[in-house]
Every structure is written in C-alpha cells, then in structure tokens.
Amino acid sequence: MPFLVLYLTRNGYSIAQAGLAVGAYGGGHIIASMLGGHLADRIGRRNTIAVSMFASAAAMLALSQARAFVPILILTCLTGTAAELYRPASSALLIDLVGPEQSIFAFGMYRAVVNLAFAAGPATAGFLADRSFLYLFVGDAVTSVIYGVIALAALPHGLRTYEKEERFGEVLRVAASDKPLLLFLLATFCITLVDFQMGSTFALHVKSVGLPTRAYGLLISTNGFLIVCFELLITTFVQRFRPQPVIALGYFLSGLGFALTAFARTLPALAATVVVWTLGEMISSPMAIGYVAQLSPERYRGRYMGLLTVTWSFGMLAGPPLGTLLFARNEMLLWLACGLLGILGASLLVTLSRQRTV
C-alpha cells in the first residue's frame with residue numbers, strides 16, 4: 001500500500017485522486033478495526049486472522065485488475081477491510097499469550113519480526129515496481145495466503161470473551177468513561193495523521209526532488225532496518241519508565257522528523273529525516289500498544305485493541321487526502337503541520353501523565 005500513490009499517479013490519476021484512494025483504504029481500515037475486534041472476541045483470534053488473510057488475497061488480486069477510478073476506490077476500501085481485519089486479533093492474541101505485564105517487550109519483539117520483513121519489502125517492491133506494478137499485487141496476495149495457512153496450522157485460538165447476554169455497544173460505553181484511554185487515543189490520532197504521510201506525500205516529495213521510485217523504497221526500508229536493529233534495545237531501556245512521557249517523546253520526534261522533510265532534497269538528507277521519525281516510532285509504538293493492553297479489561301481486550309486500530313484507521317482515512325491537498329497547494333505548510341501535530345500529540349500525553357500522577 002505505500003506504493004499506491006505512485007501506482008495511481010503513474011497511471012494518469014492526479015495527486016488528489018491518489019490521496020483519495022489511500023483515504024479509501026483508510027475507510028476500509030476503520031471497518032476492519034471495528035469488525036476485527038468484535039470477531040477476535042467472538043470467533044477467536046486465530047480464525048479472525050485466517051479470514052483476514054484469505055479475503056485480503058482475493059481483494060488485492062481484484063484491485064490489480066481495476067482501471068476506472070470508482071472501481072479502484074471501492075476495491076481499495078474492500079482491500080483495506082480485508083487486509084487490516086487481523087490487527088486487533090493479532091494484538092489480542094499476543095496479550096493472551098504473555099499477559100499485560102509483559103506486553104510492552106512482547107510487542108517490541110513482534111514489531112522487530114514484522115519490520116525484519118519491512119526492511120526488505122519496500123526495497124524489493126521499488127525494484128519490482130520499476131518493471132511492473134502487477135508483481136506487487138500478486139506478491140501481496142501470495143504472502144497473505146501463506147500467512148493464512150500458517151495461522152490455521154500453527155496458531156492457538158486465543159481467548160473468546162464475547163458473552164451472549166452482553167448488551168449492544170457495551171464496550172463503547174465502558175471505553176467512553178475511560179478518560180485516560182480517550183485522551184491517549186486523541187493524541188494517537190494526531191500522530192497517525194503525520195505517520196501516514198509516509199505512504200503518500202513523502203513518496204511525492206521524493207519524486208518531486210528528482211529521485212527514482214527505488215530511492216523511495218530504500219528510504220522506507222531504512223525505517224524497517226532501523227527498527228529491526230535498535231527497537232528491542234530501546235524498548236528494553238524505556239519500559240522502566242512511565243509510559244505517558246515516553247510515548248510523548250516518541251510522538252514529538254515523529255512530528256519533528258516529518259517537519260524536517262521540508263528541508264531535505266537529497267537522498268542522505270531524506271535518510272536523516274527517516275532516522276528522526278523512526279526513532280520516534282521506536283520509542284512510542286511498543287509502549288503505546290502495551291499501555292492500551294494495561295488499560296483494557298480482559299473481556300474487552302480484542303475490542304480495546306480494535307479501538308486503538310480504529311484511531312490509526314481514522315488517521316489513514318484523513319491523513320493522506322489532507323496531506324496531498326496541502327502538498328499540492330503549499331508543500332512547506334504540510335511539513336509545518338506535521339511538526340505542530342507532533343507537538344500537540346506530545347502535549348496531550350504530558351497532560352495525561354500529570355493527571356495520572358495526581
């Protein structure tokens with residue numbers, strides 16, 4: 001999906017249309033986040049993951065054949081729904097296995113494995129995209145099927161905590177009364193607006209300064225490489241501190257890194273900005289997921305993870321369209337907005353930390 005903007009603009013669509021398509025994926029992400037958390041608690045974590053992977057493979061192949069803009073939007077939304085359905089289930093399953101107390105380090109390990117592939121994936125994708133974007137669609141579908149088979153063959157079911165007598169919307173009423181959770185989700189929404197520039201306007205900036213597609217792939221792979229090499233070490237160090245200030249620092253660095261993109265016009269300079277926002281991601285991401293795990297009641301664990309994923313989804317829905325709109329009108333304003341959102345997200349977390357102290 002980070003290459004969707006480049007795929008569409010190469011096929012004649014405008015920057016605004018490409019941003020809208022990425023936003024459509026975010027719309028599917030929202031549906032998946034709500035549905036995925038519900039299914040994780042109702043039919044089990046493993047079954048939800050398998051359904052997501054097989055549906056994702058089918059949707060991705062269908063998207064590869066779409067040529068008109070409206071079908072592309074619809075299929076991108078469906079792809080987002082299918083491909084992201086597994087996230088609340090995978091997070092909940094990990095907590096089932098290790099418990100909330102060990103969740104921060106466990107998520108650090110989980111992200112290290114994911115980013116081991118992410119370090120190679122975009123670089124490979126950029127190489128393939130210079131030849132044919134069809135290879136990306138097919139590769140995504142094949143790896144999704146492999147993941148689905150592994151899930152059915154090897155993963156445990158995990159907890160099923162849904163109760164038949166549970167009232168409709170009960171978990172939302174519980175979450176709505178959880179003020180620390182709501183403040184944290186608002187801060188996270190601010191930074192997701194920034195993070196999802198990676199797959200939209202950051203790619204356009206790389207292109208605008210005259211660098212090839214493979215350079216963008218290498219830059220994104222740098223993000224994954226750094227996470228694989230350093231995130232577990234960073235997580236081991238920061239997990240001894242209270243989560244709110246640590247997450248605030250990570251959110252600030254993420255915003256700062258993207259703000260610095262405004263001044264980066266060479267590959268080394270762009271790589272330096274990637275280092276800054278990746279450092280923010282490494283500091284905050286395992287702590288953020290672990291923090292929600294600590295806040296979540298066991299019976300609502302899958303759906304609390306779903307609420308966190310919903311927040312990311314809204315960032316994916318709004319971030320790329322707003323970012324591409326600003327990029328087309330005033331690129332400097334876009335990167336300034338990223339910096340301000342990082343400051344706002346960090347400030348909300350500092351406020352939350354002070355409230356918890358009191």
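Q: Which residues are buried in H10?
A: This is a predicted model, in which local features need pLDDT of at least 70, side-chain atom pairs count only at pLDDT 80 or more, and totals for chains, interfaces and linings use all residues. Residues are numbered from 1 along each chain as its sequence is written, and side-chain values use heavy atoms, with hydrogens and water left out. Helices are DSSP runs (H or I, at least four residues; strands are E, at least two) numbered from the N terminus, and buried means under 20% relative accessible area, exposed over 50% and partly exposed in between (1.4 Å probe, protein chains only). In H10 the buried residues are Thr201, Phe202, Ala203, Leu204, His205 and Val206.

Q: Why is helix H10 described as largely enclosed by the rest of the structure?
A: Helix H10 covers residues 201-208. It is largely enclosed because the buried residues number 6 of the 8.

Q: Which residue with a positive phi follows H10?
A: The phi in question is near 90 degrees. The residue that follows H10 is Gly210.

Q: At what angle do the axes of helix H9 and helix H14 cross?
A: Axes are lines fitted to C-alpha atoms, for helices over the stretch in contact, with angles from 0 to 180 degrees between N-to-C directions. H9 spans residues 179-195 and H14 spans residues 301-329. Their axes come within 8 Å, and the crossing angle is roughly 35 degrees.

Q: Is the crossing of H9 and H14 left-handed or right-handed?
A: A crossing is left-handed if the near helix is turned anticlockwise from the far one by less than a right angle, and right-handed if clockwise. H9 passes H14 in a crossing that is right-handed.

Q: How many nonpolar, polar and charged residues does the contact of H9 with H14 have?
A: Contact means heavy atoms within 4.5 Å. On the H9 side, Leu181, Phe184, Leu185, Thr188, Phe189, Thr192 and Leu193 take part, meeting Tyr304, Leu307, Leu308, Thr311, Trp312, Phe314, Gly315, Ala318 and Gly319 of H14. Ala, Val, Leu, Ile, Met, Phe, Trp, Tyr, Cys and Pro count as nonpolar, Asp, Glu, Lys and Arg as charged, and the others, Gly among them, as polar. By class, the contact has 11 nonpolar, 5 polar and no charged residues.

Q: Which residues does Gly319 contact, leaving aside its neighbours within four places in sequence?
A: Gly319 is found in H14 and is buried, because its relative accessible area is 3%. Its C-alpha atom is 9.6 Å from that of Thr201, 118 residues away along the chain. With those neighbours left aside, the contacts of Gly319 are Leu193, Gln197 and Phe314.

Q: What radius of gyration does the protein have?
A: The radius of gyration is taken over C-alpha atoms, and the globule rule is 2.2 Å times the number of residues to the power 0.38. For 358 residues a compact globule would have a value near 21 Å, so the protein agrees with its value of 19 Å.

Q: What share of the accessible surface belongs to carbon and sulfur atoms?
A: Accessible areas come from the Shrake-Rupley method with a 1.4 Å probe, and for residues only the protein chains shown count as cover. The protein has 15 helices and 0 strands, and buried residues make up 54% of its 358 residues. Its accessible surface comes to about 15,200 Å², and the carbon and sulfur share is 70%.

Q: Which residues does Glu231 contact, leaving aside its neighbours within four places in sequence?
A: Glu231 is in helix H11 and counts as buried, because its relative accessible area is 0%. Thr235, also found in H11 (residues 213-238), has Gly108, Met282 and Pro286 among its contacts. For Glu231 the contacts are Gly108, Arg111, Leu226, Glu281, Met282 and Pro286.

Q: Is Asp96 buried or partly exposed?
A: Asp96 lies in helix H5, residues 86-98. Residues up to four places away in sequence aside, Asp96 touches Arg45, Gly158, Leu159 and Arg301. Its relative accessibility is 22%, so Asp96 counts as partly exposed.

Q: How far apart in space are Ala248 and Leu155, C-alpha to C-alpha?
A: Ala248 lies in helix H12 (residues 243-259), where it touches Ala346, Leu349 and Val350, not counting residues up to four places away in sequence. Ala248 and Leu155 are 93 residues apart in sequence, and their distance in space is 34 Å.
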